[in-house]
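Subject: Two-chain model, handover and notes

Hello,

Here is the structure I promised you. Please open it beside this email and read my notes against it.

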Amino acid sequence: MIPLSYYLALSAVLFSMGALGVLIKRNALIIFMSIELMLNAANLAFVALSRHFNILDGQIFVFFVIAVAAAEVAVGLALIVAIFRSKQTIDVDQLNSLKG
Amino acid sequence: MMLSETTSGLFFNLVPWIIFFPVIGLLVNLLFGARMGEKAVGSVASVASGLAFVVSVLLGYSLWASHGEAQVVPFAEWIKIGTLDIPWNFRVDTLSVTMMLVVSGVGTLIHVYAIGYMHEDVRFKKDKKRFPRFFVFMNLFIAMMMILVSGDSYLMLFVGWEGVGLCSFLLIGFWYDMDTLGRPSWANSNAAKKAFITNRIGDLGFILAAMTMFWYFGSLQFGEVFVQAEQIAAAQPVVVIAITLFMLIGVAGKSAQIPLYVWLPDAMAGPTPVSALIHAATMVTAGVYLVARSAPLYVTVHGAQYIVAMVGAVTALFAATIAVGQYDIKKVLAYSTISQLGFMVAAVGMGAFVAGMFHLVTHAFFKALLFLSAGSVILGLERGHHRAAHHGGHADHHEEVFDPGDMRNMGGLRKQMPVTFWLYMVGTLALAGIFPFAGFWSKDEILLDASKHYPAVYWLLTAAAFLTAFYMGRQVWMVFFGKPRHAAAAHAEESGKLITVPLMVLAGLSILGGVLNLPFKGFHNFAHWLEYTLGHVEVLGFDLVVAGVSTLLALAAIGLSWLLYMRNPLRAGQEDPLKKVLGPLFTAMERKWFVDEGYWAVFVDRYVDIARFLADVIDWRFWHDWFHDKVIAGTYNFLSRKVLDLRVDQGGIDAIANGLGELTKQASVSLRRLQNGFVRSYALAVLFGVVAILGYLLLK
């Protein structure tokens with residue numbers, strides 16, 4: 001059996017890659033995908049720990065997360081489409097009208 | 001009614017009504033006088049005064065029935081501070097009732113006379129609206145005089161003393177916006193001010209006397225003071241001398257004695273009934289009453305008595321000399337009043353309180369008679385002046401202002417005004433002291449007393465009596481005999497019944513007044529009456545020498561005046577024959593010995609100088625220019641501009657407020673850099689934040 005720490009390490013690596021992607025990528029779609037990556041890294045940690053401690057709460061949470069992520073994707077992609085329509089770009093560095 | 005029967009059916013409790021009746025009268029006239037018509041106004045005032053007289057008579061009867069025992073009727077609590085308790089009590093004794101009878105009796109007659117007099121006066125002076133005002137003042141005067149004579153303490157007496165002074169001021173200045181001839185000027189109100197201010201000097205003396213008394217006697221109630229008088233006079237004679245002499249200053253002010261008499265002649269600016277009531281018969285005798293009332297104090301200090309007597313005697317002679325040189329009919333009578341007041345003051349000063357009070361009473365009769373008759377003469381002349389202007393209007397249009405009071409405009413009035421003439425003769429003979437008129441008896445009693453105790457006073461008073469007869473003779477010859485010296489005198493008309501009837505009553509009293517106190521055994525009624533109040537009084541008999549000398553001198557004086565003024569009656573424009581005889585001396589008399597000018601030079605001008613110095617230098621230059629403008633305003637400006645504005649406000653408060661603003665601005669400038677609008681840097685910040693929080697939670 002694969003030990004828990006492997007799962008958690010994979011989860012941390014995935015999360016870090018997601019976070020890194022959010023921080024350094026300019027394309028909104030890529031950032032979006034990176035967020036999904038971070039969510040799924042968390043999901044992985046949930047199921048791994050749930051399996052390890054034999055408590056089903058983690059599994060249930062993951063379903064919630066997947067549901068929320070699906071909703072989020074629907075809203076997020078709609079936002080990105082709306083942004084693209086008005087700006088002709090999805091480069092987040094161009095969206096700086098809130099600059100102080 | 002307040003007819004409470006406490007003292008065995010006597011009327012002592014009615015005593016407050018002597019004040020209430022005149023006050024009711026004045027209130028009625030004050031509130032409704034403008035709508036009531038002259039007859040009604042005058043009737044209300046006269047009835048008010050008359051009822052006060054009725055009450056006085058009832059009080060007199062009650063005293064007589066209770067054998068003259070003095071009553072103190074408590075009326076109201078007045079001043080009560082700690083142990084100091086000065087109630088308003090009425091004192092009903094023979095002395096105060098005598099004054100009440102004179103004040104209200106003569107006062108009522110003068111009120112009636114004034115209805116007729118003021119009716120014409122307000123028409124000559126062309127202001128009918130002042131008619132009710134006159135009677136309001138007159139009733140107020142009666143009320144105040146009653147307070148003066150009925151009070152049971154020096155403080156209550158002082159209230160009345162000030163009150164009558166106020167009424168005197170109001171009535172002298174009754175025609176305040178004109179002079180005595182009706183021309184627009186402030187002469188009358190200046191006369192009123194002179195009277196008031198001169199009296200104020202006298203009042204200061206009164207106040208000093210009252211304070212000294214309170215300090216050493218611990219009371220101002222008559223009874224309590226007099227009980228201690230002898231004891232304190234023995235222990236500290238200086239105290240009693242000081243009190244009596246301070247009081248003398250008050251007496252000199254109110255009763256027009258040297259050196260404060262100067263206001264009384266000017267007071268003739270008031271309407272003639274006022275001159276008769278206030279400035280001859282009643283108010284000016286308040287000083288005499290005060291000395292008589294304070295008899296227990298005066299008899300303990302003979303030195304003070306002597307000074308009082310000398311002041312009175314010198315005034316009597318001094319004023320008589322001035323009266324000789326006057327041309328105004330009322331001025332002659334005014335100086336005569338001063339002179340006669342001198343007689344009274346001399347009498348009460350010598351301790352002859354009965355003689356002084358007796359002369360006060362008879363003088364009230366005949367001097368009121370003389371003044372009112374003089375008023376009748378003046379009215380007659382004014383009527384004559386109008387008629388002359390109407391009838392023979394051919395020549396007199398360019399005529400200057402006509403003075404109806406100037407005796408040089410009169411002459412021969414005996415034929416035009418026979419009733420007034422006879423009434424005037426009665427007054428003259430009474431004043432000159434001719435047997436058997438009232439003045440003869442009262443003056444003689446004073447002279448007799450003086451001849452026994454104070455020879456110097458006797459000679460002064462005898463000389464004054466001689467001059468009295470002379471100037472009255474001169475006046476009668478000039479006014480009623482000879483030929484008219486002016487068209488107005490030729491056309492003069494007799495006055496109506498309303499004016500002459502009160503005069504007849506006064507004439508009757510002037511003839512018969514002597515009966516009060518004839519110097520024969522069994523007839524000293526007045527002396528015994530006052531004895532109840534004054535204690536034992538020396539009753540003098542009849543001295544043929546003194547009476548003879550004074551009568552002969554009076555007759556001689558009248559004869560002398562006949563020689564000068566009747567053998568060759570004065571013609572219009574002619575100089576006074578006495579001027580040829582006396583030369584510059586007469587001029588000095590005519591100019592009142594230059595006393596007024598002297599007072600101006602010594603007091604008034606100096607006072608004006610001081611006032612001007614205070615106003616210009618102290619007030620304006622020092623106080624206003626320097627202290628106010630420089631010191632206060634300058635300091636204020638310096639403080640507000642240089643210190644508070646620059647340093648505190650701009651440098652302190654503004655700096656804090658501005659600094660805070662600047663700080664916030666700086667902070668926001670630095671902080672806005674964080675708000676760069678790059679979503680990735682926000683995400684980085686969130687990441688750092690999460691890492692930091694998690695790190696903290698994990699490493700805690």
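First, a term. Helices (H or I, at least four residues) and strands (E, at least two) are DSSP runs, numbered from the N terminus.

Next, the provenance. This is a predicted model, in which local features need pLDDT of at least 70, side-chain atom pairs count only at pLDDT 80 or more, and totals for chains, interfaces and linings use all residues. Residues are numbered from 1 along each chain as its sequence is written, and chains are lettered from A and ligands numbered from 1 in the order in which they are written.

**Chain B**

Chain B holds 27 helices and 2 strands. Its C-alpha trace spans about 145 × 70 × 50 Å along the principal axes. The radius of gyration of chain B is 36 Å, whereas a compact globule of 700 residues would have one near 27 Å. That radius is taken over C-alpha atoms, and the globule rule is 2.2 Å times the number of residues to the power 0.38.

Of the 700 residues in chain B, 50% are buried. A residue is buried if 20 or more other C-beta atoms lie within 10 Å of its own, exposed if 12 or fewer, and partly exposed in between, with C-beta atoms placed from the backbone.

Two residues are in contact if their C-beta atoms, placed from the backbone, lie within 7 Å. In chain B, 80% of the contacts with a separation of 6 or more join residues 24 or more positions apart.

**Chain A**

Chain A has 3 helices and 0 strands. Its C-alpha trace spans about 50 × 25 × 25 Å along the principal axes. Buried residues are 16% of the 100 in chain A.

**Where the chains meet**

Chain A gives 11 residues to the contact, and chain B gives 10 residues. On the chain A side, 6 are nonpolar, 3 polar and 2 charged. Here Ala, Val, Leu, Ile, Met, Phe, Trp, Tyr, Cys and Pro count as nonpolar, Asp, Glu, Lys and Arg as charged, and the others, Gly among them, as polar.

One helix pair spans the two chains. The axes of helix H1 (residues 4-24) of chain A and helix H27 (residues 679-699) of chain B come within 8 Å and cross at roughly 145°. Axes are lines fitted to C-alpha atoms, for helices over the stretch in contact, and angles run from 0 to 180 degrees between N-to-C directions. H1(A) brings A:Ala19, A:Val22 and A:Leu23, while H27(B) brings B:Arg680, B:Ala683, B:Leu684 and B:Leu687.

**Cores**

A nonpolar core is a set of buried Ala, Val, Leu, Ile, Met, Phe, Trp, Tyr and Cys residues joined through C-beta atoms within 7 Å. The largest has 223 residues, and those with the most contacts inside it are B:Met146, B:Ala346, B:Ala368, B:Leu369 and B:Leu461. Helix H15 (residues 353-391) of chain B supplies the largest share, 21 residues. Another core, of 12 residues, lies apart from it and includes A:Ala28, A:Ile31, A:Leu39 and A:Ala41.

**Loops**

B:Arg183 sits in the loop between helix H5 (154-172) and helix H6 (187-217) of chain B. It is exposed, with 9 other C-beta atoms within 10 Å. Beyond its neighbours within four places in sequence, B:Arg183 contacts B:Met178 and B:Val401.

B:Lys128 lies in the loop between helix H3 (94-124) and helix H4 (130-150) of chain B. B:Lys128 counts as exposed, with 12 C-beta neighbours inside 10 Å.

**Backbone points to check**

Most residues other than glycine have a negative phi, and most peptide bonds are trans. These are exceptions to look at:

- B:Ile258 and B:Pro259 are joined by a cis peptide bond, with omega about 5°.
- B:Phe435 and B:Pro436 are joined by a cis peptide bond, with omega about 0°.
- B:His67 has a positive phi, near 55°. B:His67 is exposed, with 7 C-beta neighbours inside 10 Å.
- B:Ala256 has a positive phi of about 55°. B:Ala256 is buried, with 32 other C-beta atoms within 10 Å.

Best wishes
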